[in-house]
Amino acid sequence: MIIAKTIKELDAALSPFRESNKTIGFVPTMGALHAGHISLVDLARQHCECVVVSIFVNPTQFAPHEDFNNYPRTENDDVQKIKSAGVDVLFLPSESVIYPDNRESSVKAGNAALGLESDFRPHFFDGVVNVIYRLFQAVKPNVAIFGEKDYQQLQVIREMVETLLLPMQIIGAPIARDSFGLALSSRNAYLSARELEIARQLNVTLKHAAKNGDTETAKKELLSLGFHKIDYIEIWDNRILAAAWLGKTRLIDNIDIS
Ligand code: AMP
């Protein structure tokens, strides 16, 4: 596996694949990798001859009061996991490689960003689109894989690719869960043992709500279980989507109701 830290190193690593017309599959991540990320890598491998993973904790998608500084960073473990998963190129840019001049972006998130996450994290999707557009320009993938775990984000990226006519395919990957149904997330590392038990009820509550369509009861249930704030539980695009706070950890999840 080649580790590229600059655009020049990335181009050098990818040029043999590009020159022989190999399909390039790309999985952007913020690291602290778990089995959910690796399932995206496996999907990329099924579709493409060359698999690129990036690890970059993107400052523009965090508001000043959010957890950018505390976001889990486990680079050595991540490199081992990615190597074992058979990745061809790991792109590990520093902030100045992604944002050489400033952090402004000409590309903004479209209509898919309206509501839900944006009501609580108004800066978030413009930050995501900013970094993903820059990463796409660097990697120039044929296919990029995003998890349904971040369902609204997946739709925002699809819309960006369609609007800008970017010549690539976006594939959504199913949510990887633990044996209790908890969606795997780098932020689960913040949970205490007691909070983990409570967190594992989120998917159960959402499944009930998916059956009966009663989001208000689901909110009450989560609060009585020990969640202290519900940002939203809403039905959107044949899914029930939720964001809820447990201590200092914000969890998101969603379930297909079609
Ligand atoms: P992150 O490192 O949190 O930015 O996530 C990188 C990619 O992995 C995004 O496309 C996420 O949607 C995806 N992802 C994160 N957790 C999961 C999961 N439990 N199942 C499937 N995909 C996931």
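Which residues does Asn-254 touch, not counting residues up to four places away in sequence? Select Asn-254 and show its neighbours: Glu-148, Lys-149, Tyr-151, Ile-175, Arg-177, Leu-206, Arg-239, Ile-240 and Leu-241. Touching here is a contact, meaning heavy atoms within 4.5 Å.

Before you click on, some ground rules. This is a predicted model, where local features need pLDDT of at least 70 and side-chain atom pairs count only at pLDDT 80 or more, while totals for chains, interfaces and linings use all residues. Residues are numbered from 1 along each chain as its sequence is written, and side-chain values use heavy atoms, with hydrogens and water left out.

**Stop 1: strand E9**

Stay on Asn-254 and colour its strand, E9, which covers residues 249-256. Strands (E, at least two residues) and helices (H or I, at least four) are DSSP runs, numbered from the N terminus. Asn-254 is buried, at 1% relative accessibility; buried means under 20% relative accessible area, exposed over 50%, and partly exposed in between, with a 1.4 Å probe and protein chains only. Now draw a distance from the Asn-254 side chain to the side chain of Arg-239: there is a polar contact at 2.6 Å. A polar contact is a pair of N or O atoms within 3.5 Å; within protein, one must be able to donate a hydrogen and the other to accept it, and residues adjacent in sequence count only if both atoms are side-chain atoms.

Next, pick Asp-253, also in strand E9. Asp-253 is buried, with a relative accessible area of 3%. Its side chain makes a polar contact with the side chain of Arg-177, at 3.0 Å. Leaving aside residues up to four places away in sequence, Asp-253 touches a list of residues including Ala-183, Leu-202, Asn-203 and Ala-242.

**Stop 2: the ligand**

- From a polar side-chain atom of His-37 to an oxygen atom of the ligand: 2.9 Å.
- From a polar backbone atom of Gly-147 to an oxygen atom of the ligand: 2.9 Å.
- From a polar backbone atom of Leu-184 to a nitrogen atom of the ligand: 2.8 Å.

Taken alone, the ligand exposes 480 Å², and the protein buries 91% of that. These areas use the Shrake-Rupley method with a 1.4 Å probe; for residues, only the protein chains shown count as cover.

**Stop 3: Phe-17 and the cysteines**

Jump to Phe-17, in helix H1 (residues 7-19). Not counting residues up to four places away in sequence, Phe-17 touches Lys-22, Cys-50 and Asp-88.

From there, select Cys-50, which counts as buried at 0% relative accessibility, and then Cys-48, buried at 5%. The structure holds zero disulfides, a disulfide being a pair of cysteine sulfur atoms within 2.5 Å.
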